[in-house]
Amino acid sequence: MTRRITLISHPERQDAIETAGVVSSHLTDLGFEVGTDCTPEAVVDSELILVIGGDGTILRAAESGRPAGVPVLGINYGHVGFLSEADPDDIPQVIQQIVDGNWLVTTRMTLDVSVTLPDGTVHTDWALNETAIEKDANSQMFEASIGVDGRELSSFKVDTVVCSTATGSTAYNFSAGGPVVWPNVECIVMTPIAAHALFTRPLVVGPDSTLELHVLEDNARVWCDGRRMIYAPCGSVVRVVRGEAPVLLARLNDSPFSGRLVTKFQLPVKGWRVQVPESKTDIDRSES
């Protein structure tokens, strides 16, 4: 039986496009069927969706991988590349691990989003990283009332309210001053941005909670992973809950998340890997 891989690349980066061509040729020579149609119907028979691009391209791939139940593996041709598993220099090793079937699959929680308009119409979508409820283009701010599990917590004027998963905690949420959450923690983080209020700290709630935001004044827009938008005029209600379907990410090793943080953010790490010499007192004791 022929093994199948779906391969997509960043559509505007020439280096990523050229690399995708080389990888496709190698996999074809090794007996794989390589597809480039990334619709859910086309990827359903694939072992992997292999992405050559940045986190945005991975999020695009996840739109098909999620309903098809196919894991996504990213080679970073973007900036930080937090969702990516490998760098361009690692491509020969990546190809070999694909040939050997040597990868792990991690399950990442998603968010389901519903926007109820003033006339009762309901629009739904989902996100892997975050849902961002932001002022629309014609508003300076919008007034929001936020609540958890049917109980109002606070109301304020605000630029944006970000609701993120643990996976997305290192994306928009991180830039807004929200907490970094380890990806094996299932939770929803709500982080207001530029709110006019005393109580605007990020909130972390359990995966079974419902976050709710009422648009009280002006108009808002609801962005899912920065890719898909739902208009939320004054009077709309936005609800965010744990997604019914996860996204599957392929991993090539089981290195800890702390190592990824250090590498991606180039954090200064001192002392942890330095061998501490024995003191003279300890040497004397050992010789006695």
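A: The crossing of α1 and α4 is right-handed, a label given where the near helix is turned clockwise from the far one by less than a right angle. The model is predicted, so local features need pLDDT of at least 70 and side-chain atom pairs count only at pLDDT 80 or more, while totals for chains, interfaces and linings use all residues. Residues are numbered from 1 along each chain as its sequence is written, and side-chain values use heavy atoms, with hydrogens and water left out.

Helix α1 spans residues 14–29 and helix α4 residues 91–100; they pack at an angle of about 35 degrees, with axes 11 Å apart. Axes are lines fitted to C-alpha atoms, for helices over the stretch in contact, and angles run from 0 to 180 degrees between N-to-C directions. Helices (H or I, at least four residues) and strands (E, at least two) are DSSP runs numbered from the N terminus. From α1, Thr-19, Val-23, His-26 and Leu-27 meet Ile-91, Ile-95 and Ile-98 of α4, where contact means heavy atoms within 4.5 Å. By class, this contact comprises five nonpolar, two polar and no charged residues. Nonpolar covers Ala, Val, Leu, Ile, Met, Phe, Trp, Tyr, Cys and Pro; charged covers Asp, Glu, Lys and Arg; the others, Gly among them, are polar.

Turning to the strands, six of them form an open sheet in the order β7-β6-β17-β14-β9-β10, with antiparallel pairing; a pair requires at least two DSSP bridges. β7 (122–127) and β10 (151–158) are the edge strands, each pairing on one side only. Neighbouring strands of this sheet are turned against each other by 20 degrees on average, direction ignored. β9 (residues 142–148) runs antiparallel to β10 and is joined to it by seven bridges. Ser-145 stands opposite Ser-155 in β10.

A cavity is a set of points, on a 1 Å grid over the protein atoms alone, where a 1.4 Å probe fits but cannot get out; lining residues have an atom within 4 Å of a point. Points are joined across faces, edges and corners, and the volume is the space filled by probe spheres set on them. The largest cavity has a volume of about 150 Å³. Of its 16 lining residues, Phe-82, Leu-83, Arg-108, Leu-249 and Arg-260 are the closest to its centre. β18 gives the most to this lining, with three residues.

Notes. 1 Å grid on protein atoms, 1.4 Å probe; cavity = no way out; pocket = protein on both sides within 12 Å on 5 of 7 lines; lining within 4 Å.
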